[in-house]
Amino acid sequence: MFGRHQNEVRYIERRTDFTGLSALIVDDNDAARLVLMNYLKTMGLEVEAAASGQAALDMAGSLIKQKKHLDLVAVDWAMPDLGGPQIAARIWETASSVPGATAFMARANSGDEIAARAAAEPGHKAVLPKPLSPSSLYNVLGSLLKGRG
């Protein structure tokens, strides 16, 4: 029926339990940052958040020095002090030397040409569109974080 074999099994390998994984959210918009924090915490992640690029760099550096692993960094692409690409690149320089290097996820408005460029940046594995929905976040995390923890 419809060109598929009746007994064909199709699945996407993804992680479904995020308990114990850690995330750093970088977003200058208080409401967007809070929403993403709450979604991630509900899914079991330990979450840190920064409202500016410099705060994110300081926080990431401190966590890495303490040997605390960052599984995920979610960076808003349009930040006022340092742009999302600069923030991500500077965190990536430090985090990429850690085994199981951090997965980066850019956050950009749907349809932005920025979103297409974001995925090509070093370390970036996904683009999470705004506005955010729990199901889109869950799907992206499941693919990004499989095999971690």
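This is a predicted model: local features need pLDDT of at least 70, side-chain atom pairs count only at pLDDT 80 or more; totals for chains, interfaces and linings use all residues.
Me: Which residue forms a salt bridge with Asp-30?
Reply: Searching the whole structure turns up 1 salt bridge. Its closest N and O atoms sit 2.6 Å apart, and the cut-off is 4 Å. The partner of Asp-30 is Arg-33.

Me: How many residues apart are Arg-33 and Asp-30, and what does that come to in helical turns?
Reply: Both belong to helix 1, which covers residues 30-42. Their spacing there is 3 residues, so what separates them is about one helical turn.

Me: Is Arg-33 buried or exposed?
Reply: Arg-33 has a relative accessible area of 14%. Anything under 20% goes down as buried, so Arg-33 is buried.

Me: How many residues of strand 1 are buried?
Reply: Strand 1 spans residues 22-26 and is covered on both faces. One side has Ser-22, Leu-24 and Val-26, the other Ala-23 and Ile-25, and all are buried.

Me: In strand 3, which residue stands opposite Ile-25?
Reply: Strand 1 has parallel neighbours: 5 bridges join it to strand 2 (residues 46-50), and 4 join it to strand 3 (residues 72-76). In strand 2, Ile-25 has Ala-49 as its bridge partner. Over in strand 3, the residue opposite Ile-25 is Ala-74.

Me: What unit do strand 1, helix 1 and strand 2 make?
Reply: Strands 1 and 2 run parallel. Together with helix 1, they make a right-handed β-α-β unit.

How values were computed. Residues are numbered from 1 along each chain as its sequence is written. Side-chain values use heavy atoms; hydrogens and water are left out. A salt bridge is a side-chain nitrogen of Lys or Arg within 4 Å of a carboxyl oxygen of Asp or Glu. Helices (H or I, at least four residues) and strands (E, at least two) are DSSP runs, numbered from the N terminus. Buried means under 20% relative accessible area, exposed over 50%, partly exposed in between (1.4 Å probe, protein chains only). Two strands pair if DSSP finds at least two bridges between them. A crossover is right-handed if, with the strands pointing away from the viewer, the path from the first strand over the helix to the second runs clockwise.
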